[in-house]
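Biologist: I am new to reading protein models. Could you walk me through this one?

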Amino acid sequence: LQLRESPNKQYLRFAAHFDDVYKTAILLNYTHKQLLFNNDVLSLDFIVGDNLRYNFDYYIDKGKYWSYGFNSHYDASDIAVGADILRPEYESVGEAMPSINTFGISHKIWTNKLYFETVLKRNFQIGIGAKHRWMRISSSTTRLPESDRGSTNFYNSNLYSGEAYLKYDTFDDSFYPTKGFLMDASFEQVGFSTSKKVDHSTFSVVKGKVYYTQPILKDKLSLTLGSEIGFNLGQQTTRVLDFFLGGHGFESSFNTVHFIGQKALQQRGNSFIKAAAR
């Protein structure tokens, strides 16, 4: 093959989006290749609308050798959820649940990650990284009995953790595959929290998914079968990294899991298993 690299090194993209979690949004993306080195890529997503968000990524690609990068991400949203979703917080202080059906909850999450990864035989990727999160979960609709303010911070602290992940991907398309296999798994060791309300012993979060797509009618119909699983290992020092199931079509943040048929963030637990066919 005679290949010639494109002379275009900078891109500016625009898009519009709507979902039940982040509502309306205008997405702006700026991408710059070969900014400092011949093999680096800088990408910045800036999202304006009902909820302000951004995603910054700087990546130095070394192919089959160890590549490395830095990612910074911030998202925020306000959403109405079932009152039962905060049962763990009320149980932790020995209080009964309030007699309401739904309330508004606000989350703000700022994540920074330094990571190293490599690709083996084009389809298999492994990586390790160190992560910092600042998370604030609050509500102005309901409050814990110990709060003397009009709104309550259910969680407002920093989390520090290390993670390892692996991915094997032979799908022929990222969004609408007609054949292939996908395996994606991660292990996160939560090492320290700055919260004064929780024990600082460590625990782990394990997540994984497996999907297989088989063509039934060539170029016309395919069947995808798969399963996802997540659970915590060790004694949880905070329930903020529980899994939240429900909704579809929004960007998954922290441990939210898409689940068609349920509204976003309507089911919660420290473990889950999900099966899917489409």
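Biologist: What makes S6 and strand S7 a pair, and in which sense do they run?

Modeller: First, a word on the source: this is a predicted model, where local features need pLDDT of at least 70, side-chain atom pairs count only at pLDDT 80 or more, and totals for chains, interfaces and linings use all residues. Residues are numbered from 1 along each chain as its sequence is written, and side-chain values use heavy atoms, with hydrogens and water left out. Now your question: strands are DSSP runs of E with at least two residues, numbered from the N terminus, and two of them pair if DSSP finds at least two bridges between them. S6 and S7 (residues 124–139) have 15 bridges in the antiparallel sense, so they meet the definition of a pair.

Biologist: What lies between S6 and S7?

Modeller: The two form a hairpin with 3 residues between them. In that turn, Lys 121 has a positive phi of about 50°.

Biologist: Which residues stand opposite Thr 111?

Modeller: Thr 111 is the bridge partner of His 73, and Thr 111 also stands opposite Arg 133 in S7. S5 (residues 67–82) and S6 (residues 102–120) pair in the antiparallel sense over 16 bridges.

Biologist: Why are S1 and S15 said to stand at the edges?

Modeller: The open sheet has 12 strands in the order S1-S2-S3-S4-S5-S6-S7-S8-S9-S10-S11-S15, with antiparallel pairing. Strand S1 (10–19) and strand S15 (271–277) each have a single partner strand, so one side of each is left without a neighbour in the sheet.

Biologist: How do you know that Ser 67 is buried?

Modeller: Buried means under 20% relative accessible area, exposed over 50%, and partly exposed in between, using a 1.4 Å probe and protein chains only. Ser 67 has 1% relative accessibility, so it counts as buried. This serine is found in strand S5. A polar atom of the Ser 67 side chain lies 2.8 Å from the backbone nitrogen of Lys 62.

Biologist: How many salt bridges does the structure hold?

Modeller: The structure holds 7. One of them joins Glu 251 and Arg 53, at 3.9 Å, N to O. Glu 251 sits in the loop between S12 and strand S13 (256–257), while Arg 53 is in strand S4 (residues 53–60), 198 residues apart.

Note on methods:
Helices (H or I, at least four residues) and strands (E, at least two) are DSSP runs, numbered from the N terminus. A polar contact is a pair of N or O atoms within 3.5 Å; within protein, one must be able to donate a hydrogen and the other to accept it, and residues adjacent in sequence count only if both atoms are side-chain atoms. A salt bridge is a side-chain nitrogen of Lys or Arg within 4 Å of a carboxyl oxygen of Asp or Glu.
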